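Please consult both as the points below are read.

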Amino acid sequence: MSGGEWVGTSVPYLTGSAGTGSDAWAAEAAAEGRRGSQRIVRAGETEPPDAVAELLGTPAGQHVIARRRIMYLDDEPCELTDTYYPLDIAAGTGLAGTAKIRGGAIRLLADLGYVGVHVREDVTARSATGHEREQLRLTAGEPVLQLTRLTLDRADRPIQVDVMAMSPRRQKLRYEIRIG
């Protein structure tokens, strides 16, 4: 962004943890005096939703690696996160499994030679699906915030897409712009 710097609360999740094994979500929650945790529900090869395939530049019907997580704040589910990676980047790596990755996925991607340098996030509000309502313990009619994040490397190659459904009463999104 010419002339200004965009700062958002997503930054800790985009830069990795230098192999320390730390968890950005847990660290952010702890800084607020709370407890953040996550559970990896499933991981592996799958056909992505059309919108994700388009963001990754993946032809229709081609598989990718996906990881599904439930994020918790003080033991309450607050976010469902699906992360997608091109098959040629993630197959056969820790990204394709359900074990927690020491240092996080961003660190693993960097170790594999894929460093994100440009990120685009789109945030929308929409009605929750029945599954989301159940998993996030939402009341009838309560919406979700959906954040879709595309991460590109230096060559503008898509290396990761995250699709997050969040309870609006348990989330805060902050974006700041430094001008000049």
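Predicted model: local features only at pLDDT ≥ 70, side-chain atom pairs only at ≥ 80, totals over all residues.

Residues are numbered from 1 along each chain as its sequence is written, and side-chain values use heavy atoms, with hydrogens and water left out.

**Overall make-up**

- The protein has 6 helices and 8 strands; helices (H or I, at least four residues) and strands (E, at least two) are DSSP runs numbered from the N terminus.
- Read from the N terminus, the order of elements is β-α-α-β-α-β-β-α-α-β-α-β-β-β.
- Of the 180 residues in the protein, 38% are buried (buried means under 20% relative accessible area, exposed over 50%, and partly exposed in between, with a 1.4 Å probe and protein chains only).
- Among contacts (heavy atoms within 4.5 Å) with a separation of 6 or more, 65% are between residues 24 or more positions apart.
- The protein exposes about 9900 Å², of which carbon and sulfur atoms supply 51%; accessible areas come from the Shrake-Rupley method with a 1.4 Å probe, and for residues only the protein chains shown count as cover.

**Salt bridges**

- The protein has 9 salt bridges, each defined as a side-chain nitrogen of Lys or Arg within 4 Å of a carboxyl oxygen of Asp or Glu.
- Asp-74 pairs with Arg-34, with the closest N and O atoms 2.7 Å apart. Asp-74 lies in the loop between strand 3 (64–73) and strand 4 (76–86), and Arg-34 in the loop between helix 2 (24–31) and strand 2 (36–46), so the pair ties together parts 40 residues apart in sequence.
- Arg-157 forms a salt bridge with Asp-88, the closest N and O atoms being 2.7 Å apart. Arg-157 lies in the loop between strand 6 (143–153) and strand 7, and Asp-88 in helix 4 (residues 87–90), so this pair links parts 69 residues apart in sequence.
- Arg-157 is partly exposed at 26% relative accessible area, whereas Asp-88 is exposed at 57%.
- Arg-120 and Asp-122 meet in a salt bridge through their side chains (3.3 Å, N to O).

**Nonpolar surface patch**

- Val-123, Leu-173 and Tyr-175 make a nonpolar surface patch of about 210 Å². Patches consist of residues with over 30% relative accessible area and no salt bridge, like charges being joined within 9 Å and nonpolar side chains (Val, Leu, Ile, Met, Phe, Trp, Tyr) within 5 Å.
- Leu-173 lies in the loop between strand 7 (158–166) and strand 8 (175–179), and Leu-173 is partly exposed, with a relative accessible area of 31%.
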